[in-house]
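Subject: Structure handover

Hello,

Here is the structure for your use. My notes on what turned up in it follow below.

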Amino acid sequence: MYLEIKFESKAILSKELLPYQAKFIADPFIRNIESQLYVFAEVLVKTGDKRIVLFEYDNGWKYKKDLLHGENASFPYVSLIDGQWYLIPEISDKEQLNYYIFDPTTQSLSFSHSVHLGFLTKDKIMIENPSK
């Protein structure tokens, strides 16, 4: 499905959209899930707390909610795997990937499983191999 998006300004997300003070918004991933545009992004709050937040497009980008908090709330890679939406945040100090299921109905995450890699990763993006 082809989706055309026209933006009126260069910045689609702004710290002013958040209900709290933030130092920055980083690593945005735009996804069209069930005909709804979402942005999953990392936020560093002024207190130093890291969060993964959800924005939704409805005649402009709107903050919806915080999805994850803590030191592992970084680089919110989102991918459709076998018909299920997964959020896989960066965990650069551990040799594993944590998979969270994103439920578009409740706009929430639930922990699914971890995969031990045996090596450290940073800002990983997985590409599906269609031959498997």
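This is a predicted model: local features need pLDDT of at least 70, side-chain atom pairs count only at pLDDT 80 or more; totals for chains, interfaces and linings use all residues.

A residue is called buried here when its relative accessible area is under 20%, and exposed when that area is over 50%.

Strand S6
S6 covers residues 84–88, and four of its five residues are buried, so the strand is largely enclosed by the rest of the structure. On one side of the pairing list is strand S5 (residues 77–81), which runs antiparallel to S6 and is joined to it by five bridges. Within that pair, Leu 87 of S6 stands opposite Val 78. The hairpin of S5 and S6 has two residues between the strands, and Asp 82 takes a positive phi near 50° there. S6 also pairs with strand S7 (residues 96–103), again in the antiparallel sense, over two bridges. Leu 87 has Tyr 100 as its bridge partner in S7.

Nonpolar cores
Which residues have the most contacts inside the largest nonpolar core? They are Phe 40, Leu 68, Leu 87, Phe 102 and Leu 109, in a core of 14 residues. At least two residues of this core come from each of S2 (36–45), S3 (50–57), S4 (61–69), S6 and S7.

Lys 65
Lys 65 is found in strand S4. Is this residue buried, partly exposed or exposed? Its relative accessible area is 28%, so Lys 65 counts as partly exposed. Leu 54 is eleven residues away from Lys 65 in sequence, and the two C-alpha atoms are 5.5 Å apart. Not counting residues up to four places away in sequence, Lys 65 touches Val 53, Leu 54, Thr 106, Gln 107 and Ser 108. Two of these contacts involve backbone oxygens: the side chain of Lys 65 reaches that of Thr 106 at 3.3 Å, and a polar atom of the Lys 65 side chain lies 3.1 Å from that of Gln 107.

Regards

Technical notes: Residues are numbered from 1 along each chain as its sequence is written. Side-chain values use heavy atoms; hydrogens and water are left out. Buried means under 20% relative accessible area, exposed over 50%, partly exposed in between (1.4 Å probe, protein chains only). Two strands pair if DSSP finds at least two bridges between them. A nonpolar core is a set of buried Ala, Val, Leu, Ile, Met, Phe, Trp, Tyr and Cys residues joined through side-chain atoms within 4.5 Å. Contact means heavy atoms within 4.5 Å. A polar contact is a pair of N or O atoms within 3.5 Å; within protein, one must be able to donate a hydrogen and the other to accept it, and residues adjacent in sequence count only if both atoms are side-chain atoms.
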